Amino acid sequence: MNTRNCASSTFFSGTSGCEIDHSKVKAAILVKHGFKLTAAMIATATALLAACHSGNVFAIKTFCEYAKNGGDPNTSAVGYGGEKVNGYSAMQDQFTLEDYSEALAANIAGLGNAKFDVYYVDEDNNIYGYDDGTDVLAGFPLNYVSCSATPYSSSGSQATLVVNFAHKDAKKALEHANYQHVDFDVVDALVGLMAVDIVKVSSTTYKVVEHVGGYDVTALFGGATTLTNVFVGATSASYANGVVTISTWSNPKLGEPSALHTAGIDGYMWSGKVIDRTAV
Amino acid sequence: MAEVVINGVHFNVDACKTMSEKKFINVMDDVHFLDKPKAERQAILKDAYKMIVGNTETDKVETSDTVDAD
């Protein structure tokens, strides 16, 4: 007959010889489910910034408040017996952003039940994640990311945006939580991407504006080190007087975020939209 | 993507190489270097075309001054 070991009898009740000071979480790093932040990606601020433009890493910052919803033990008693734990309730981490953003609210609302994993970052550059048994820290698996928006200020409070991270398994999130410390300002290095539109102003001139709110960022794009890698398909391009002049551009589109980053433009990606204002 | 930069105008080498010199000048003439007289503009474009067509090893060439017509 096979013997077995009693796993539940192993209980490490000690604490670290050097406990970290659990400071406030300031940012979340969402990654596509299964994607992990490798040692190379978090080696330097430059590497992390590049990762934010890879299409797999999505930073959300800056948080100013935290609340936990759920994640408590469910107990029940049978007959005249004492209570026993029979599981943990579903858990959400709820972070309030310092500033309300229509663009971020719109994008989070559009995520639906898309599957992500999440890392949290505190102000002391500790990255919290999920120990999946490998050498590389994983993100906490999520069922969904949603937002609770208060889009307009009232007499007593400003507009607020709360981001809800719903854990896939509350018990496992607690059981397998781990963290690693890095030696650079992680929150500062993180950049979320903002959607931009191309606006055709005349037959040969264009602008680039933020998709939500229409903020004109043409000067930033016009200052790229390689314009034809930014304005993909343009035969030639130059920037002056607030517009980008392009000789021929039959199928206007902007480069991938990684290409924009390489050209010196951080924090933007093309929405896929081209607005023709030549008739205005 | 290879690019040649002349006086702030970025030329897409691959796209420009598909054009003849005449077509290149026709396409660019009323678009770039508009602060210069037409003759000077066309001379710049002619030199630019030569630079682009001959640019096989360097991805990017920066010039700080107007390309000399002759």
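**Why these labels? Reading a predicted two-chain model**

Strand β3 (residues 63-70) and strand β6 (residues 91-97) of chain A pair in the antiparallel sense, over seven bridges. The model is predicted.

Q: What makes β3 and β6 of chain A a strand pair?
A: A pair needs at least two bridges found by DSSP. β3(A) and β6(A) have seven. They therefore count as paired. One bridge sets Ala67(A) against Gln94(A) of β6(A).

Q: What makes β6(A) and β10 of chain A a pair?
A: The cut-off is again at least two bridges. β6(A) and strand β10 (residues 160-167) of chain A share five, in the antiparallel sense. So this is a pair as well. Within it, Gln92(A) stands opposite Ala166(A) of β10(A).

Q: Why is β6(A) called mostly covered?
A: Buried means under 20% relative accessible area. Six of the seven residues of β6(A) are buried. Hence the description "mostly covered".

Q: How do you know that Ala189(A) is buried or exposed?
A: Its relative accessible area is 8%. The limit for buried is under 20%. Ala189(A) is therefore buried. Its place is helix α4 (residues 186-189) of chain A.

Q: Which residues does Ala189(A) touch, leaving out those up to four places away in sequence?
A: They are Ala45(A), Leu48(A), Leu49(A) and Phe184(A). Contact here means heavy atoms within 4.5 Å. As for Ala103(A), its C-alpha atom is 20 Å from that of Ala189(A), and the two residues are 86 apart along the chain.

Q: Why does Asp132(A) count as neither buried nor exposed?
A: Its relative accessibility is 34%. Buried needs under 20% and exposed needs over 50%. Asp132(A) falls in between, so the label is partly exposed.

Q: What makes Asp72(A) and Lys68(A) a salt bridge?
A: Their N to O distance is 3.3 Å. The cut-off is within 4 Å, so they pass. Asp72(A), at 39% relative accessibility, is partly exposed. Lys68(A), at 43%, is also partly exposed.

Q: How do you know that Asp30(B) and Arg41(B) form a salt bridge?
A: Their closest N and O atoms are 3.7 Å apart. That is within 4 Å, so the pair counts. Asp30(B) lies in the loop between α2 and α3 of chain B and Arg41(B) in helix α3, so the bridge ties together parts 11 residues apart in sequence. Asp29(B), Asp30(B), Lys38(B) and Arg41(B) are linked in a network of salt bridges.

Q: What makes β15(A) and β2 of chain B a strand pair?
A: They share two bridges, in the antiparallel sense. At least two are needed, so they count as a pair. In β2(B), His10(B) is the bridge partner of Ala237(A).

Q: What covers the buried residues of helix α2 of chain B?
A: The cover includes β15 of chain A, along with β2, α1 (13-17) and α3 (38-53) of chain B. The buried residues of α2(B) are Phe24(B), Ile25(B), Val27(B), Met28(B) and Asp29(B).

Q: What links chain A and chain B, and how many salt bridges are there between them?
A: 16 residues of chain A are in contact with 15 of chain B. The area buried between the chains is about 1,100 Å², with carbon and sulfur atoms giving 56%. The salt bridge count between them is zero. Eight residue pairs are in polar contact across the interface. By class, the chain A side has five nonpolar, 11 polar and no charged residues.

Note on methods. Residues are numbered from 1 along each chain as its sequence is written. Chains are lettered from A and ligands numbered from 1 in the order in which they are written. This is a predicted model: local features need pLDDT of at least 70, side-chain atom pairs count only at pLDDT 80 or more; totals for chains, interfaces and linings use all residues. Side-chain values use heavy atoms; hydrogens and water are left out. Buried area is the accessible area (1.4 Å probe) that two parts lose on being put together, summed over both. A salt bridge is a side-chain nitrogen of Lys or Arg within 4 Å of a carboxyl oxygen of Asp or Glu. A polar contact is a pair of N or O atoms within 3.5 Å; within protein, one must be able to donate a hydrogen and the other to accept it, and residues adjacent in sequence count only if both atoms are side-chain atoms. Ala, Val, Leu, Ile, Met, Phe, Trp, Tyr, Cys and Pro count as nonpolar, Asp, Glu, Lys and Arg as charged, and the others, Gly among them, as polar. Helices (H or I, at least four residues) and strands (E, at least two) are DSSP runs, numbered from the N terminus. Buried means under 20% relative accessible area, exposed over 50%, partly exposed in between (1.4 Å probe, protein chains only).
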